Amino acid sequence: MKQPAVYILASKPYGTLYVGVTSNLASRIEAHRSGAVEGFTKEYRVGRLVYVELHETMLEAIQREKRVKKWSRAWKLELIEKANPLWADLSEQAF
């Protein structure tokens, strides 16, 4: 399903965080988990989907991702905890 989304992955609760943007969340998360995406998420084993924010357009999603990436870690943790206080893996719910 094509839907612009901003997402946050974590290595574990309160662990390493990764903020990303995509138009196909299911395939992007699968790519991160399978190691098909070289770089940060593969190196630090960041694969638990802990936050998702859907947007109407890709432009909106990209702008939001850029803002969230600039936030302090504390603000990102607060964002996650408001939506997902148990830090559950949302990938089953998201697809």
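Which residues of β1 lie on one side and which on the other, and are they buried or exposed? In this predicted model, Ala-5, Tyr-7 and Leu-9 point to one side of β1 and Val-6, Ile-8 and Ala-10 to the other, and all of them are buried. Both faces of the strand are therefore covered, under the cut-off of 20% relative accessible area for a buried residue. In a regular strand, side chains alternate between the two faces of the sheet. The count for the whole of β1, residues 5-10, is 6 buried residues of 6.

The strand belongs to an open sheet of 3 strands in the order β2-β1-β3, with antiparallel pairing. The edge strands, β2 and β3, each pair on one side only. From one strand to the next, the twist averages 20 degrees. Strand β2 covers residues 17-22 and is joined to β1 by 6 bridges. Strand β3, residues 48-54, is likewise antiparallel to β1, and 6 bridges join these two strands.

Individual residues show how β1 is held between its neighbours in the sheet order. Ile-8 has Val-19 as its bridge partner in β2, and in β3 it stands opposite Tyr-51. Val-6 is paired with Glu-53 of β3. The hairpin of β1 and β2 has 6 residues between the strands, and in this hairpin Tyr-14 takes a positive phi near 65 degrees.

Two helices are described here in relation to the sheet. Helix α1, residues 25-34, lies across β1, β2 and β3 and runs at about 25 degrees to β1. Helix α4 also lies across β1, β2 and β3, with an angle of about 70 degrees to β2.

Glu-81 is a residue of helix α4. With a relative accessibility of 29%, Glu-81 counts as partly exposed, because this value falls between the cut-offs of 20% and 50%. Leaving out residues up to four places away in sequence, Glu-81 touches Tyr-14 and Trp-87. Thr-41 and Glu-81 are 40 residues apart in sequence, and their C-alpha atoms are 21 Å apart in space.

Helix α3 spans residues 58-70 and includes Glu-65. Glu-65 is buried, its relative accessible area being 10%. Apart from neighbours within four places in sequence, the contacts of Glu-65 are Val-6, Val-19, Gly-20 and Val-21. Val-6 is one of the buried residues of β1, and Val-19 is the β2 bridge partner of Ile-8. Ile-62 is also placed in helix α3. At 31% relative accessibility, Ile-62 counts as partly exposed. Ile-62 and Val-21 are 41 residues apart in sequence, yet the distance between their C-alpha atoms is 6.4 Å.

A search of the whole structure gives 5 salt bridges, and three of them are set out below. Lys-69 is partly exposed at a relative accessible area of 43%, whereas Glu-65, at 10%, counts as buried.

In helix α4, residues 73-83, Glu-78 and Lys-82 are 4 residues apart and so are separated by about one helical turn. These two residues form a salt bridge in which the closest N and O atoms are 3.4 Å apart. Glu-78 is partly exposed, with a relative accessible area of 42%, while Lys-82 is exposed at 65%.

A further salt bridge joins the side chains of Glu-38 and Lys-42, with 2.9 Å from N to O. Glu-38 counts as exposed at 61% relative accessibility. Lys-42 is partly exposed, its relative accessible area being 39%.

Terms used: Residues are numbered from 1 along each chain as its sequence is written. This is a predicted model: local features need pLDDT of at least 70, side-chain atom pairs count only at pLDDT 80 or more; totals for chains, interfaces and linings use all residues. Side-chain values use heavy atoms; hydrogens and water are left out. Buried means under 20% relative accessible area, exposed over 50%, partly exposed in between (1.4 Å probe, protein chains only). Contact means heavy atoms within 4.5 Å. Two strands pair if DSSP finds at least two bridges between them. A salt bridge is a side-chain nitrogen of Lys or Arg within 4 Å of a carboxyl oxygen of Asp or Glu. Axes are lines fitted to C-alpha atoms, for helices over the stretch in contact, and angles run from 0 to 180 degrees between N-to-C directions.
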